[in-house]
Amino acid sequence: MSLITIIGRGHGGTRAISHTLIASNVFMGEPLNRSGDLLPPQAMYDACRVLARHVEWKGGLEWDFSALHTMPIPQEFTDLIHEYLKKVLAAKDEHKGWKIPETTLVFPWIVRMFPDIKYIHWVRNPRDNILSRHLTDDLGDFGVPQPDAEQLLRDRYPALVEAATPEQFEELVWRVRRAVSWQYQHAIVAATPKPANWIAVRFEDFVNHQEATLARLEAYLGIPLGRIIVRREAVGRYDRAEGASYFDFLEEGMREFGYDIPG
């Protein structure tokens, strides 16, 4: 019996791998929403807030996650995760798992609770990731300390602010907020010692090179995978979108995953 989970920010294309696993007879819990997220989500959301109490914000775009790796995991957190996963953990299916983007926010303690399961880190170019809203755009909703997006925008990108209409400025603030969320989630994953079973997959590779990417995943998971329809227009949407889609604090993470940095 194998247990699988997916790590990746919301709007990162994680529904593609969730739907692939469902098409491959992997039980992903029930009920599920259209994105393949296990419902109801409230226990997971509450677990995120429990962990966030122990994240130290150093100011700006720097956080210290070190306490998460050694401190006792609160029983409240453990109980919430078991409540959220109760149908998955109780299932007798040979292969099972779950997907919800907020798992990324609690990744350090999920690894400690489930060190031997199979993790899929699903990555998407943040320039596409920040174009649409997701529940995790404002990390403050999950208790995570963070810089004020509007002030960050004004301080670091005054030329963008000067050129923006009021409507454009509002959207810019949201894109900065989403970019901070992407950066935070990149940082918390990067700071966490990786489990024994770990694979990173770019959404773009899944779309543009589906067979090769599925072959990698099949070798990793040890099971044949179903094929789902992919849409090439999901990649590079930032080229067709108005307004800024890149902020320089994303550069390190983008380089790590092989994404082009704008000139």
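Is Thr20 buried or exposed, and what is its relative accessible area? Thr20 is buried, with a relative accessible area of 0%, where buried means under 20% relative accessible area, exposed means over 50%, and partly exposed lies in between, using a 1.4 Å probe and protein chains only. The place of this residue, Thr20, is in helix 1; helices (H or I, at least four residues) and strands (E, at least two) are DSSP runs numbered from the N terminus. Leaving aside residues up to four places away in sequence, Thr20 touches Phe206, Leu214, Leu225, Gly226 and Ile228, a contact being heavy atoms within 4.5 Å.

The model is a predicted one, in which local features need pLDDT of at least 70 and side-chain atom pairs count only at pLDDT 80 or more, while totals for chains, interfaces and linings use all residues. Residues are numbered from 1 along each chain as its sequence is written, and side-chain values use heavy atoms, with hydrogens and water left out.

Four strands form an open sheet in the order 4-1-5-6, with parallel pairing, and two strands pair if DSSP finds at least two bridges between them. Strand 4 (95-99) and strand 6 (198-202) stand at the edges with a single partner strand each, so one side of each has no neighbour in the sheet. From one strand to the next the twist averages 20 degrees; axes here are lines fitted to C-alpha atoms, for helices over the stretch in contact, and angles run from 0 to 180 degrees between N-to-C directions.

Strand 1 (residues 2-7) runs parallel to strand 4 and is joined to it by five bridges, with Ile6 having Lys99 in strand 4 as its bridge partner.

Side chains of opposite charge can pair when their charged atoms come close. The structure holds 15 salt bridges, each being a side-chain nitrogen of Lys or Arg within 4 Å of a carboxyl oxygen of Asp or Glu. One of them brings together the side chains of Lys99 and Asp37, at 2.5 Å from N to O. This pair links distant parts of the chain, 62 residues apart, with Lys99 in strand 4 and Asp37 in the loop between helix 1 (14-22) and helix 2 (42-52). Both Lys99 and Asp37 are buried.

Another salt bridge joins the side chains of Arg178 and Asp137 at 3.2 Å, N to O. Here Arg178 lies in helix 9 (residues 166-190) and Asp137 in the loop between helix 6 and helix 7, the two being 41 residues apart, and both Arg178 and Asp137 are buried.

In a further salt bridge, the closest N and O atoms of Asp248 and Arg156 are 2.9 Å apart. Asp248 lies in the loop between helix 11 (210-221) and helix 12 (251-256) and Arg156 in helix 7, so the pair ties together parts that are 92 residues apart in sequence. Asp248 is partly exposed, with a relative accessible area of 39%, and Arg156 is partly exposed, with a relative accessible area of 39%. Salt bridges that share partners also join Arg9, Asp137, Glu171, Arg175 and Arg178 into one network.

The loop that holds Asp137, between helix 6 and helix 7, also contains Leu135. With 45% relative accessibility, Leu135 counts as partly exposed. Not counting residues up to four places away in sequence, Leu135 touches Tyr45, Glu102, Asp141 and Phe142.

Finally, the axes of helix 2 and helix 3 (residues 75-84) come within 8 Å and cross at roughly 160 degrees. That makes helix 2 roughly antiparallel to helix 3, since angles over 145 degrees count as roughly antiparallel, under 35 as roughly parallel, 65 to 115 as roughly perpendicular and the rest as oblique. Residues making the contact include Ala43, Met44 and Ala47 of helix 2, and Phe77, Leu80 and Ile81 of helix 3.
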